[in-house]
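Here is a short report for a reader meeting this structure for the first time. Keep the sequence and the model at hand while reading.

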Amino acid sequence: MGINKLTMDSYKPLRDLVFENIRSAIIEGTLKPGERLMEIQLAEQLGVSRTPVREAIRKLELEGLVIMLPRKGAYVANISKKELIDILEVRIGLEGIGSYYAAERISPDMIDKLEKISQELKEYVCLNDVENMLRKDEEFHNCIFEASGNTRLISMMNSIWETVYRFRLKYMSDYASAVNIVEEHNRLIEAIKKGKADLAESLAKEHIEKAEQFMIEELMQDETV
């Protein structure tokens, strides 16, 4: 496991720092699906006692990121093909709705913001800066949700972003995929700018469906390793 010792943050309780650190390690794939979580080992790596680690594991179990097996301990939860498909089907629906209403309601300022984010994403693709590519991709989609006037969509998407993070990371790390994402974003922006709601919805769904296929293939490969 590759968790680093905590850098203490004075305005956050220790238990929150431990929880966030372990949670990030799971979401980002540092702690891999099926990997056992050893309290003593995690505590040593983080430079803390076992108590906040134990509390963090319990909270992560409630979030579905950790499973507890009787007489065996805590493990990073796997995501099945069915679960991944279910999650991405929900995302396809949300993205379609968001893009449809964004095309009807977007302001000139929000169009400028979308175009700026898209240009920044393109620059990070050229630099192969995957971390910032992921950040800008998320900003792009959240901007569409904001433009739709339905801010609830953003909160609904947060858990989806985190659940599929490791698959998005692989998708974005693939150069051809990253270039395609920029092109697909630009086509979506044009549809939204022109107020073509049905086209925007269709392009948004197609955009996520392509990612879905890639992510499912990656999951199947992981299961055969």
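The lining of the largest cavity divides into six nonpolar, three polar and three charged residues. The model is a predicted one. About 80 Å³ of space lies in this largest cavity. Its lining includes Arg91, Asp137, His141, Arg168, Tyr171 and Met172. Ile181, His185, His207, Ile208, Ala211 and Met215 are also among the lining residues. Which of them gives the most? Helix α10 does, with four residues.

The structure holds two cavities of 30 Å³ or more. The second largest cavity has about 50 Å³ of space. It is lined by Glu184, Arg187, Leu203, Glu206, His207 and Lys210. The elements that give two or more residues to this second lining are α9 and α10. Helix α10 gives the most here, with four residues. His207 is listed in the lining of the largest cavity, and His207 is listed in that of the second largest cavity.

**Inside the helices**

His185 is one of the residues that line the largest cavity. His185 is found in helix α9. Is His185 buried or exposed? His185 counts as buried because its relative accessible area is 0%, under the 20% cut-off. Leaving out residues up to four places away in sequence, His185 touches Ser118, Leu121, Asp137, Phe140, His141 and His207. Among these contacts, Asp137, His141 and His207 also line the largest cavity.

Ser99 is found in helix α4, which covers residues 81-105. Ser99 is buried too, because its relative accessibility is 0%. Which residues does Ser99 contact, leaving aside its neighbours within four places in sequence? They are Ile144, Leu188, Ile192, Ala200, Glu201 and Ala204.

Ser24 is found in helix α1, residues 14-27. Ser24 is partly exposed, with a relative accessible area of 33%. Ser24 and Ile3 are 21 residues apart along the chain. Their C-alpha atoms are separated by 9.8 Å.

**Cysteines**

How many disulfides does a search of the whole structure find? The search finds zero. A disulfide is a covalent bond between the sulfur atoms of two cysteines. Cys126 is exposed, with a relative accessible area of 61%. Cys143 is buried, with a relative accessible area of 2%.

**Two loop residues**

Most residues other than glycine have a negative phi. Arg71 is not a glycine, and its phi is positive, near 65°. Arg71 lies in the loop between β2 (66-69) and β3 (73-76). Arg71 counts as exposed because its relative accessible area is 85%, over the 50% cut-off. Asn128 also is not a glycine, and its phi is positive, about 55°. Asn128 lies in the loop between α5 (108-127) and α6. Asn128 counts as partly exposed, at 49% relative accessibility.

The table gathers the accessibility values.

| Residue | Relative accessible area | Class |
|---|---|---|
| His185 | 0% | buried |
| Ser99 | 0% | buried |
| Cys143 | 2% | buried |
| Ser24 | 33% | partly exposed |
| Asn128 | 49% | partly exposed |
| Cys126 | 61% | exposed |
| Arg71 | 85% | exposed |

**The protein as a whole**

There are 10 helices and three strands in the protein. Along the sequence they follow the pattern α-β-α-α-β-β-α-α-α-α-α-α-α. The C-alpha atoms fill a box of roughly 60 × 45 × 35 Å, taken along the principal axes. The protein has 225 residues, and 45% of them count as buried. Consider the contacts between residues at least 6 apart in sequence: 72% of these join residues at least 24 apart.

An unreviewed UniProt entry lists residues 12-79 as "domain: HTH gntR-type". The span of residues 12-79 is 53% helix and 15% strand. Its end C-alpha atoms lie 30 Å apart.

Methods
Residues are numbered from 1 along each chain as its sequence is written. This is a predicted model: local features need pLDDT of at least 70, side-chain atom pairs count only at pLDDT 80 or more; totals for chains, interfaces and linings use all residues. Side-chain values use heavy atoms; hydrogens and water are left out. UniProt positions are given in the numbering used here, feature names are shortened, and annotations may be inferred rather than shown by experiment. On a 1 Å grid over the protein atoms alone, a cavity is a set of points where a 1.4 Å probe fits but cannot get out, and a pocket is an open set with protein on both sides within 12 Å along at least five of seven lines; lining residues have an atom within 4 Å of a point. Grid points are joined across faces, edges and corners, and a volume is the space filled by probe spheres set on the points. Ala, Val, Leu, Ile, Met, Phe, Trp, Tyr, Cys and Pro count as nonpolar, Asp, Glu, Lys and Arg as charged, and the others, Gly among them, as polar. Buried means under 20% relative accessible area, exposed over 50%, partly exposed in between (1.4 Å probe, protein chains only). Contact means heavy atoms within 4.5 Å. A disulfide is a pair of cysteine sulfur atoms within 2.5 Å.
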